[in-house]
Amino acid sequence: MKEGTIRAALSRVLWTSPPEELREYEVVFIDRGEPSGLSTLRLGGEVKVLRDRIVVGEKIIPLHRVLEIRRGGEVVWRRGA
Amino acid sequence: MEERCLSKELKGLRIPTYDEVRAAVLKAFQEPVPLARGVKRKGMVKHLLKIDRVYRVVDSKVFAPAEKLPNPDEVNEFYAEILAAGGVSDYKDLIWKLRGLRKAYRNLWREYRIRVKNTLNPKESNKVARAFVGRSLSMMRRLGTDLRKLSAVISELRKLPCIEFSQPKAVVAGMPQVGKSTFVRAVSTAEPEVSPFPFTTKEIILGHAYVDHQPIQVIDTPGILDRPFAELNEVERKALAAVRFLADILIYMVDPTPNTYYPLDQQLDLLRSLRSVFSGKEMIVVINKADAVNAEKVEEVEARIREVFGGEVFRISALKGVGLSDVMRRMRNLLGRS
């Protein structure tokens, strides 16, 4: 995938993939609540990309904490790539 | 009386890295020395002035800033804990090492001045002066990691607000996303960032408030999770340091809404552990977001809190500004008594 902003990458994933394909995607983000400091979240259900955050169901993730987008374990976007 | 404010004192203070010191020293040594025509023994005098220059560069760039840092014996426990959380546990050793080395370096410089003066020709003076530069640089190279640590110390200390330790302080604590920053924003002059996701606050933030013309410092902390001390990360250790060393009153905030990031059980567990660790402190429990749930739910939550905590429980809405003045007045009363 071409380099670009996280929002563009997420929007592209969201708009181009049908719901069942969307479920293959995961985002890795910084989470101080985890001992490792990172957690992953599978996309799916109702996903919205807002200006500074994504909303996946009940969870809100600020875009500045997202580090990677993965598809089936394979990295498709990485911060600073 | 105004108390010392570390973050203001440290403004503009900077410790260079080894490479920067090296570049500055070499530049000072290479630049030509202007000498009057009538000076005798020019070769010797030139090198003498050059090593003076090198000494001044090193002393002013490295040792003088270190001297400005607070004395390890006078440092408040709170600052010490913040430094330890930031990864500098040997602050005391670091400072004494640098102060000792300042003297040693001064002696070295004096020794080499005499040696340069005793040389017989310019070639020999050059050799001795270069030896001094070499020794200065290797001293700095060995100090490399210490210099980096010192930079870290300064940047940690500079981030902290100007706390007046003798004035009353109230610390707001609780799990992430319960509304601590919203509360501090509502009652005091501070304007911490508020956002709809957990772990937004990463630093200790101080605001001033006046209750019946009496000042009170309200301190916002990052959210604390209930886990053993060894597993805490830097941000949580900072929050706990604030609770431990700053709080004259601890305000524990509870979120009663059903879809919180952290369920009520966890919030109560944290309250229980804080209660047992800081049993000597005045404590108030505040149920925030009381307008977001119905009355029965608030009653239920309050009953649950009562099982853990015997003191006062307030119901507020920090966002809408409901019940804040009661909490503030109660804080004032508690502080007036102690």
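Strand S2 (205-211) of chain B runs antiparallel to strand S3 (residues 214-220) of chain B, and seven bridges join the two; strands here are DSSP runs (E, at least two residues), as helices are (H or I, at least four), numbered from the N terminus, and two strands pair if DSSP finds at least two bridges between them. Across this pairing, Ala209(B) stands opposite Ile216(B) in S3(B). The structure is a predicted model, in which local features need pLDDT of at least 70 and side-chain atom pairs count only at pLDDT 80 or more, while totals for chains, interfaces and linings use all residues. Residues are numbered from 1 along each chain as its sequence is written, and chains are lettered from A and ligands numbered from 1 in the order in which they are written.

The two strands belong to an open sheet of six strands in chain B, with the order S2-S3-S1-S4-S5-S6 and mixed pairing. Its edge strands, each pairing on one side only, are S2(B) and strand S6 (313-315) of chain B. Neighbouring strands of this sheet are turned by 30° against each other on average, direction ignored, where axes are lines fitted to C-alpha atoms, for helices over the stretch in contact, and angles in general run from 0 to 180 degrees between N-to-C directions. Helix H8 (residues 234-246) of chain B packs on the sheet, where it touches strand S1 (169-174), S3 and strand S4 (249-254) of chain B, and its direction makes about 145° with that of S1(B).

Elsewhere in chain B, the axes of helix H5 (residues 91-117) and helix H6 (residues 122-159) come within 11 Å and cross at roughly 170°. H5(B) is therefore roughly antiparallel to H6(B), a term used for angles over 145 degrees, whereas those under 35 count as roughly parallel, 65 to 115 as roughly perpendicular and the rest as oblique. Among the residues that make the contact are Tyr91(B), Leu94(B) and Tyr105(B) of H5(B), together with Phe132(B), Met139(B) and Asp146(B) of H6(B); two residues are in contact if their C-beta atoms, placed from the backbone, lie within 7 Å. The residues of this contact divide into twelve nonpolar, one polar and five charged, with Ala, Val, Leu, Ile, Met, Phe, Trp, Tyr, Cys and Pro counted as nonpolar, Asp, Glu, Lys and Arg as charged, and the others, Gly among them, as polar.

Between the chains, nine residues of chain B are in contact with eight residues of chain A. On the side of chain B that touches chain A, the residues divide into six nonpolar, two polar and one charged.

Chain A has two helices and seven strands, and from the N terminus on its elements run α-α-β-β-β-β-β-β-β. Its C-alpha atoms fill a box of roughly 35 × 30 × 25 Å, taken along the principal axes. Buried residues, those with 20 or more other C-beta atoms, placed from the backbone, within 10 Å of their own, make up 16% of the 81 residues in chain A.

| Strand pair | Bridges | Strand residues |
|---|---|---|
| S3(A) and S4(A) | three | 47-49 and 53-56 |
| S4(A) and S5(A) | four | S5(A): 59-62 |

S3(A) and S4(A) form a hairpin with three residues between them, and Lys48(A) stands opposite Val55(A) in S4(A). S4(A) and S5(A) form a hairpin with two residues between them, and Gly57(A) in the turn has a positive phi of about 60°; in this pair, Arg53(A) stands opposite Pro62(A) in S5(A).

Technical notes. A residue is buried if 20 or more other C-beta atoms lie within 10 Å of its own, exposed if 12 or fewer, and partly exposed in between; C-beta atoms are placed from the backbone.
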